Amino acid sequence: MDRANAFDLLRDYAAANRHYDTIVLDPPAFAKSKRDLEKALGGYKEPQPARDEDAAAGGILVTCSCSFHVSPHDFLKVVADAAQDAHKIAARAGEPRGGQGSPNMLNVPETSYLQCLILSVTN
Ligand SMILES: C[S@@+](CC[C@H](N)C(=O)[O-])C[C@H]1O[C@@H](n2cnc3c(N)ncnc32)[C@H](O)[C@@H]1O
């Protein structure tokens with residue numbers, strides 16, 4: 001297994017035309033306050049492999065956000081924009097929410113900050 005800065009590694013792999021069956025992006029919270037929101041959205045968009053020329057084509061991309069200040073709407077938009085920029089079709093294959101440790105309670109919107117999209121990515 002490679003161990004590296006994810007931003008650099010994904011750029012290097014794309015430049016080397018390496019392909020993947022599955023990529024999991026589960027970064028730390030980029031938006032620790034509302035002030036960080038714009039920068040954080042850029043951080044979520046930058047490494048999305050759906051953006052890179054051939055990475056993840058025909059593969060599965062699992063992409064997550066644990067930033068309290070990034071809404072499900074914002075996160076979905078950033079991932080969708082990344083796919084559009086790359087001229088890729090990203091289809092939702094699953095969207096697990098919450099879990100035993102951090103339940104996503106329907107009547108408590110603040111608990112919906114843990115987000116995960118499972119996407120099937122094709123050209
Ligand atoms: C939300 S946690 C992921 C937890 C992981 N999914 C697990 O189940 O153990 C974010 C992780 O990203 C790592 N990380 C932070 N910046 C990184 C970077 N630039 N490249 C690669 N990993 C990074 C952190 O060390 C941390 O372990």
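**Aromatic pairs and ligand surroundings**

Y44 counts as buried, because its relative accessibility is 2% (buried means under 20% relative accessible area, exposed over 50%, partly exposed in between, with a 1.4 Å probe and protein chains only). The model is predicted: local features need pLDDT of at least 70, side-chain atom pairs count only at pLDDT 80 or more, and totals for chains, interfaces and linings use all residues. Residues are numbered from 1 along each chain as its sequence is written, and side-chain values use heavy atoms, with hydrogens and water left out.

A search of the whole structure gives four aromatic pairs. Rings of Phe, Tyr and Trp (its six-membered ring) pair if their centres lie within 6.5 Å; planes under 30 degrees apart count as stacked, over 60 as edge-to-face and the rest as tilted. Helices (H or I, at least four residues) and strands (E, at least two) are DSSP runs, numbered from the N terminus. F30 is partly exposed, at 25% relative accessibility.

F68 and Y113 form a tilted aromatic pair, with 5.8 Å centre to centre and 55 degrees between the planes. F68 lies in the loop between β2 (59–65) and α3 (72–85), Y113 in the loop between β3 (89–94) and β4 (115–122), so the pair ties together parts 45 residues apart in sequence. F68 is partly exposed, with a relative accessible area of 47%. Y113 is partly exposed at 28% relative accessibility.

F7, F30, Y44 and F75 make up one aromatic cluster. Elsewhere, R18 lies over the face of Y13, 3.9 Å from the ring centre (the criterion is NZ of Lys or CZ of Arg within 6 Å of the ring centre and within 35 degrees of the ring normal).

A4, N5, A6, D26, P27 and P28 surround the ligand (a heavy atom within 4 Å). This shell divides into four nonpolar residues, one polar and one charged. A polar side-chain atom of D26 is 2.6 Å from a ligand nitrogen atom. For A6, a backbone N or O atom lies 2.8 Å from a nitrogen atom of the ligand. In N5, a side-chain N or O atom is 3.4 Å from a ligand nitrogen atom. The protein covers 37% of the 600 Å² of accessible area that the ligand has on its own (Shrake-Rupley method, 1.4 Å probe).

Technical notes
A polar contact is a pair of N or O atoms within 3.5 Å; within protein, one must be able to donate a hydrogen and the other to accept it, and residues adjacent in sequence count only if both atoms are side-chain atoms. Ala, Val, Leu, Ile, Met, Phe, Trp, Tyr, Cys and Pro count as nonpolar, Asp, Glu, Lys and Arg as charged, and the others, Gly among them, as polar.
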